[in-house]
Amino acid sequence: MMHGSGRRVTSEAYSRPEFAPLLDGAVSLDRKLKRLVQRYARARSRLGSSGCGKTTLLRSIAGFVLPDSGTIKVGGRDITRLPPEARETAMMFQSYALWPHMSVADNIAYGLRMRGWKKDAMAARVEEMLKLLQLQGFGPRPVTQLSGGQRQRVAMGRALAVDPHLLLLDEPMSNLDYKVRLELRHELRALQKRIGITAVYVTHDREEALTLADRIAVIDAGRIVQIGAPEQIFHQPSSAFVAGFMGADNALDLVRTENGGLATVTNGVPPEQRIRAHFRSDAARLDGAPPAEDDLVFTGTVAQSVYVGQGYRYRVRAGNADIWVHAPERVAEGTTARVIVPRAALLLFSKDSSL
Amino acid sequence: MRGSAGEGQRQHPVITGKASTRGAALALIAPALAVVALFFVAPLAMSVVVAFRGKDGGFTLEHFAKSFDFYTTDLLFTLAIVVASTLLIGAVAIAIAGYLTLGGNPRTIAVLRWLYRWPLFIPFVVAGQLMRTFLAKNGMLNHVLIGSGLIEPLSAQSLLDWRGIVVAFVWKQAPFVTLLLAGAMASLEPQHIEAARNLGARRMSVLIDIVLPQVRGTLLVGLVLSFVTMLSVLSVPLMINPNSPTMVTVDVAYRISTHADYPVANALCLLSLALAAIGAVFYLRHAAARVEGG
């Protein structure tokens with residue numbers, strides 16, 4: 001979705017409809033925008049959450065932030081210098097930003113009214129939207145009387161009613177209950193497929209991104225660090241940062257042995273020879289079947305065990321490393337255990353590529 | 001006393017009856033009540049009494065009859081000036097506060113924000129004096145107009161009549177309403193505005209459709225307060241337009257200082273109060289609507 005090259009903000013919407021969530025951060029930005037991002041990040045970090053420019057990026061596509069350099073193109077049209085109202089993008093805000101003095105129908109119809117639609121055409125389109133979002137009969141209600149999920153759908157209807165070139169979604173699920181979120185996630189994906197609209201979806205939720213996306217751009221500190229299909233991002237992360245972000249939370253330093261295998265690092269190994277290895281806790285196993293030839297085997301003690309619903313999550317202390325392992329059976333804390341990691345589960349990064 | 005009553009209530013909730021709680025409550029508000037009674041209710045009551053008391057001490061409407069005989073024009077003049085000023089103040093305040101909230105040029109906004117508040121710190125009497133030098137026949141405004149060739153020197157006229165009063169009132173009160181309005185607009189969620197622009201609304205549409213409906217209450221309060229304030233200003237009409245027709249405040253001052261005619265002065269004051277009540281009705285209606293609306 002976004003191409004960052006040098007110090008330019010460049011983005012292109014593909015003609016093929018797709019979902020492109022932006023994870024954590026923004027494309028490489030020029031100085032002023034970067035300062036803005038940093039200021040934003042500072043303000044956010046005071047609230048205890050991370051801000052690395054993903055919302056700023058979305059806002060610059062919508063036209064609320066003006067980049068110093070670079071171009072933003074949607075469907076080949078350069079919109080970099082256009083005012084927000086001329087961009088034909090529709091944004092869905094985290095807070096929904098529904099206008100409290102208007103009814104559901106008035107909220108949805110506003111964009112059409114601004115485009116000079118006739119009254120009955122407008123009413124028909126609003127009805128169509130209400131039906132699409134399963135809100136039939138809600139038209140005359142004040143938006144202040146709706147639940148969170150209903151508000152979210154009204155906001156969606158308001159954005160979709162104008163048939164925008166590009167739908168921008170800024171963490172639209174973050175104010176909802178977990179259960180509602182799960183439901184809406186699938187609803188949203190189905191809806192997006194049905195109407196075939198290009199959308200940019202900002203989230204910090206990995207699962208949300210993987211469920212919704214055709215392509216994912218992972219952003220760290222104002223730069224896109226990887227862009228690709230969800231499967232690619234998940235299985236072939238380009239850096240240790242992306243691997244960690246995608247749930248490969250075990251990180252170990254390894255070293256290549258003379259016969260091409262991998263071994264744990266002993267004290268004498270210089271840093272430049274070390275390899276950073278990431279793997280998922282559910283890719284490793286605790287004892288069980290005997291290890292294959294090139295599996296990595298660690299011996300340690302179970303330092304902590306947590307029940308996580310489907311089995312247990314163990315912290316195994318092996319040497320001076322902590323390894324998280326997922327296992328179905330219960331093992332007492334303090335017992336000696338072997339952790340077996342299949343070679344294929346290891347994601348390897350040379351030390352200097354880690355971000 | 002009050003402290004011990006409170007203690008008693010806490011220790012013996014059954015024994016302490018409703019009456020003693022009420023007594024304590026009355027004791028608490030007594031000082032405030034006394035101030036209100038002494039300094040507000042009593043003078044108002046006196047004013048009403050004097051307005052309706054004849055020479056023989058009995059009830060009469062003669063002072064009101066006299067007021068209407070002499071000053072009906074002035075009462076209408078006052079109402080017209082204050083209503084016109086209120087409407088203009090509303091328009092100016094919406095324009096300035098709207099630009100401060102939605103304007104695109106940060107430098108202009110900063111300058112405007114700094115400039116518009118100045119009249120707030122200038123008393124009415126000084127405002128009146130400023131307008132005298134500004135609007136007079138050989139005042140600054142005409143100098144500028146003639147200098148720029150917009151009018152002929154012969155056609156220059158003094159604006160020191162009802163127009164002068166309206167200009168002075170708007171100049172002095174618009175910043176006050178702007179201050180309230182800009183504050184209310186600033187506390188709107190910025191995303192409400194962004195959402196509208198995102199859907200294709202130009203700034204003017206955003207102002208009318210999104211911003212104003214949400215700050216309507218604040219605007220109304222500011223305008224009602226200005227309305228009542230302007231009704232009671234003496235210095236501005238006295239300095240700019242003391243001749244008939246003029247504002248009721250000037251007539252009241254005249255009745256008192258020249259004729260020591262307190263009954264008619266009080267009758268005129270009560271009539272002003274009735275005008276102010278129009279504003280109060282608007283205010284209360286809005287307040288009630290807000291309570292109903294939650």
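So, which residue of chain B forms a salt bridge with Glu85(A)? That's Arg197(B), with the closest N and O atoms 2.4 Å apart. Bear in mind that we're looking at a predicted model here.

Let's stay with the chain B and chain A interface for a bit. The rule finds 3 salt bridges across it, plus 11 residue pairs in polar contact, both partners at pLDDT 80 or more. On the chain B side, helix H8 (190-198) and helix H9 (203-231) each supply at least two residues. H8(B) gives the most, with 7 residues. By class, the chain B side that touches chain A splits into 7 nonpolar, 6 polar and 5 charged residues.

In terms of contacts, 18 residues come from chain B and 24 from chain A. The buried area between the two chains is about 1,800 Å², and carbon and sulfur atoms give 55% of that.

Okay, now inside chain B. About 530 Å² is buried between them, 74% of it from carbon and sulfur atoms. Over on domain 1 of chain B, Ser47(B), Val50(B) and Ala51(B) lose the most area to domain 2, together 69% of what that side buries.

And how many salt bridges do we count between these two domains? It's 0, and the rule finds 1 residue pair in polar contact, both at pLDDT 80 or more.

Definitions and conventions:
Residues numbered from 1 in each chain as written. Chains lettered and ligands numbered in written order. Predicted model: local features only at pLDDT ≥ 70, side-chain atom pairs only at ≥ 80, totals over all residues. Heavy atoms only, no water. Buried area = accessible area lost by both parts, 1.4 Å probe. Salt bridge = Lys/Arg side-chain N within 4 Å of Asp/Glu carboxyl O. Polar contact = N/O pair within 3.5 Å; in protein donor to acceptor, adjacent residues only side chain to side chain. Contact = heavy atoms within 4.5 Å. Helix = DSSP H or I, 4+ residues; strand = E, 2+ residues; numbered from the N terminus. Nonpolar A, V, L, I, M, F, W, Y, C, P; charged D, E, K, R; others polar.
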